Amino acid sequence: MKDKKSCYQAEEVKDFRQLISRTVSKFPDQIAYKYKIRHGKDDVEYVCKTYSQFQKDIEGLATRTNSNGITRQKGRCNWK
């Protein structure tokens, strides 16, 4: 039986931003996730987002929420 401590040496991650940045630097053009959009009963569009696109979406969301007066403080959001 293998020793559980020697399975895998994971890198420490401080926050979600660091995790995404590290993943983008390693796999910028790989698909992060995909979803489908139904335009009609038989008309379905599949959308794939790469890690680079995902990072841009996250940064855009953060910029938008900050410009709307939402600030971040240790585990909570404050609306002004």
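**Exercises on a predicted model**

Val 13 lies in the segment before helix 1; helices (H or I, at least four residues) and strands (E, at least two) are DSSP runs, numbered from the N terminus. We're working with a predicted model, where local features need pLDDT of at least 70, side-chain atom pairs count only at pLDDT 80 or more, and totals for chains, interfaces and linings use all residues. Residues are numbered from 1 along each chain as its sequence is written, and side-chain values use heavy atoms, with hydrogens and water left out.

**Exercise 1.** Work out how Phe 16 and Phe 54 pair, and which parts the pair ties together.

*Solution.* 
- Start with the cut-offs: rings of Phe, Tyr and Trp (its six-membered ring) pair if their centres lie within 6.5 Å, and planes under 30 degrees apart count as stacked, over 60 as edge-to-face and the rest as tilted.
- The structure has three aromatic pairs.
- For Phe 16 and Phe 54, the ring centres are 6.4 Å apart and the planes sit at 80°, so this pair is edge-to-face.
- Phe 16 belongs to helix 1 (residues 16-26) and Phe 54 to helix 2 (residues 51-67), so the pair ties together parts that are 38 residues apart in sequence.

**Exercise 2.** Classify the pair made by Tyr 33 and Tyr 35, then place it in its cluster.

*Solution.* 
- Tyr 33 and Tyr 35 are 6.2 Å centre to centre with 25° between the planes, and the pair is stacked.
- Ring pairs link Phe 16, Tyr 33, Tyr 35 and Phe 54 into a cluster.

**Exercise 3.** Is Thr 50 buried or exposed, and what does Thr 50 touch?

*Solution.* 
- Grab the scale: buried means under 20% relative accessible area, exposed over 50%, partly exposed in between (1.4 Å probe, protein chains only).
- Thr 50 comes out at 18%, so call it buried.
- You'll find Thr 50 in strand 2 (residues 44-50).
- Leaving out residues up to four places away in sequence, Thr 50 touches Pro 28, Asp 29, Gln 30, Ile 31 and Ala 32; contact means heavy atoms within 4.5 Å.
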